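Here is a short briefing on one protein model and the molecule it holds. Keep the structure open as you read.

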Amino acid sequence: MKRRHFIKNTVLGTTASILASDIVFSSAIPSGYVPIAFQEPDPYTLFGKDKEMTSLNNKPWNIEAKAHLLDDKITPNKYMFIRNNGIIPKNIDVSKWVLTIDGESVTKSKSYSLADLKAKFKQNTYQLTLECGGNGRSEFNPPAKGNQWTTGAVSCAEWTGIRLKDILEDVGIKSNAVYIGYHAADTHLSGDPEKEPISRGVPMHKALQDETLLAFEMNGEDIPLAHGYPLRLVVGGWPASASGKWVNRISVRNKIHDGTKMKAPAYRVPCKPVAPGETVKDEDMCIIESMPVKSLITYPKTGAMIKKGKQLNIRGHAWAGELVVKAMEYSIDFGSTWKSCDIENPVNRLAWQHFKASVNFPKKGYYEVWARATASNGVSQPMLVPGWNPKGYLNNACHRIAVIVK
Ligand SMILES: Nc1nc2c(c(=O)[nH]1)N[C@H]1C(S)=C(S)[C@@H](COP(=O)(O)O)O[C@H]1N2
Ligand SMILES: [Mo]
């Protein structure tokens with residue numbers, strides 16, 4: 001069907017129900033024009049995002065930040081990326097929200113209302129870094145399918161909730177527990193209620209860490225709808241796909257969780273490095289656990305101009321999955337030489353760390369400032385795109401900004 005006809009038919013067919021009146025000059029609607037009453041609200045209005053955020057997809061919604069928007073120490077909602085695999089749940093009734101803990105490895109399954117969870121267990125607040133496994137995918141060559149994230153699918157907000165381990169202890173876990181897997185209230189793009197958009201999890205040792213939260217607040221307020229209201233898992237330092245949003249069930253499994261997007265090749269990388277473009281067998285793909293060491297220059301914005309003789313004060317954040325960043329450096333000569341930045345300790349485990357440096361430029365001209373973090377295990381970010389992999393995960397190449405000295 002031609003778009004013109006499609007739109008006209010849609011408009012005419014739904015006029016009565018949506019507008020409760022006819023569009024008088026409907027035959028005059030120009031081809032491709034969607035009347036205001038039928039236009040979807042923009043993502044900025046829908047989710048309270050800043051207009052500078054980039055929308056990569058609207059079915060499902062995927063929105064990323066630009067590096068300079070991530071300058072805050074604690075990421076506010078307006079700059080937080082959204083990564084959805086399905087459709088955001090509608091008409092959530094918090095008073096009826098139930099979290100069920102079940103699975104082969106619980107002694108007996110148990111359900112809690114939100115009020116139960118808040119009243120019964122100790123509440124904790126942590127700043128936690130969440131980075132999508134596919135952040136940086138746009139730089140891989142040959143290209144990998146999927147959202148073409150640049151550098152903005154990372155955040156570090158302050159999350160408040162209860163420890164997953166406290167609930168699991170209350171339920172009672174058998175000694176054969178291997179993994180937890182979440183189930184959530186979002187729906188599959190196909191509309192099929194039997195299908196889950198995503199149902200991932202983590203091994204018990206990660207599930208039982210102090211910082212692994214079932215959160216109901218982000219930055220001191222109810223979690224925004226797009227980020228998992230009213231209850232989400234927050235599993236800092238691991239691919240953010242483990243941090244289930246809109247969680248209503250957690251299964252304690254006696255095997256590696258086998259929910260949607262747990263099987264190869266989703267959220268897996270080749271167990272051994274492969275040549276770019278190589279086909280990798282499913283059994284040779286390994287589940288991504290801790291995210292790699294990485295950093296972002298958040299000030300200034302790329303393309304900054306500065307007068308000759310002036311110092312440029314740069315700043316940003318660095319993180320290293322389960323580890324701490326022990327050193328931060330910058331280069332103005334495309335990685336030939338490096339100078340150190342000041343780097344702060346994390347406020348808590350799994351929070352990103354803040355760095356700064358004052359940069360001097362020898363003469364007028366075009367420069368790039370590259371930033372490189374080194375984790376506590378001695379591993380540094382690669383200068384350019386690291387190991388190609390079929391799904392385009394884990395690009396932790398040095399971030400760089402352009403600077404012109406006039
Ligand atoms: N229920 C549910 N949880 C989910 C997802 C989803 O689509 N549905 N996406 C996951 C992925 S892939 C990422 S990267 C993070 C993104 O979290 P954010 O949108 O709050 O930034 O949520 C994870 N949790
Ligand atoms: Mo993700």
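Predicted model: local features only at pLDDT ≥ 70, side-chain atom pairs only at ≥ 80, totals over all residues.

Residues are numbered from 1 along each chain as its sequence is written, ligands are numbered from 1 in the order in which they are written, and side-chain values use heavy atoms, leaving out hydrogens and water.

**Around ligand 1**
- The shell of ligand 1 holds 19 residues, and the closest include Phe81 and Asp186. A residue belongs here if one of its heavy atoms lies within 4 Å.
- Nine shell residues are nonpolar, six are polar and four are charged. Ala, Val, Leu, Ile, Met, Phe, Trp, Tyr, Cys and Pro count as nonpolar, Asp, Glu, Lys and Arg as charged, and the others, Gly among them, as polar.

**Polar contacts of ligand 1**
- A polar contact is a pair of N or O atoms within 3.5 Å.
- An oxygen atom of ligand 1 lies 2.7 Å from a polar backbone atom of Phe81.
- An oxygen atom of ligand 1 is also 2.7 Å from a side-chain N or O atom of Arg232.
- A nitrogen atom of ligand 1 is 3.0 Å from a backbone N or O atom of Ser243.

**A sheet**
- Four strands form an open sheet in the order β16-β18-β22-β21, with antiparallel pairing. Strands are DSSP runs (E, at least two residues), numbered from the N terminus; two of them pair if DSSP finds at least two bridges between them.
- β16 (294-299) and β21 (342-343) are at the edges with a single partner strand each, so one side of each has no neighbour in the sheet.
- Asp342 has Lys356 in β22 as its bridge partner.

Note on methods
Polar contact = N/O pair within 3.5 Å; in protein donor to acceptor, adjacent residues only side chain to side chain.
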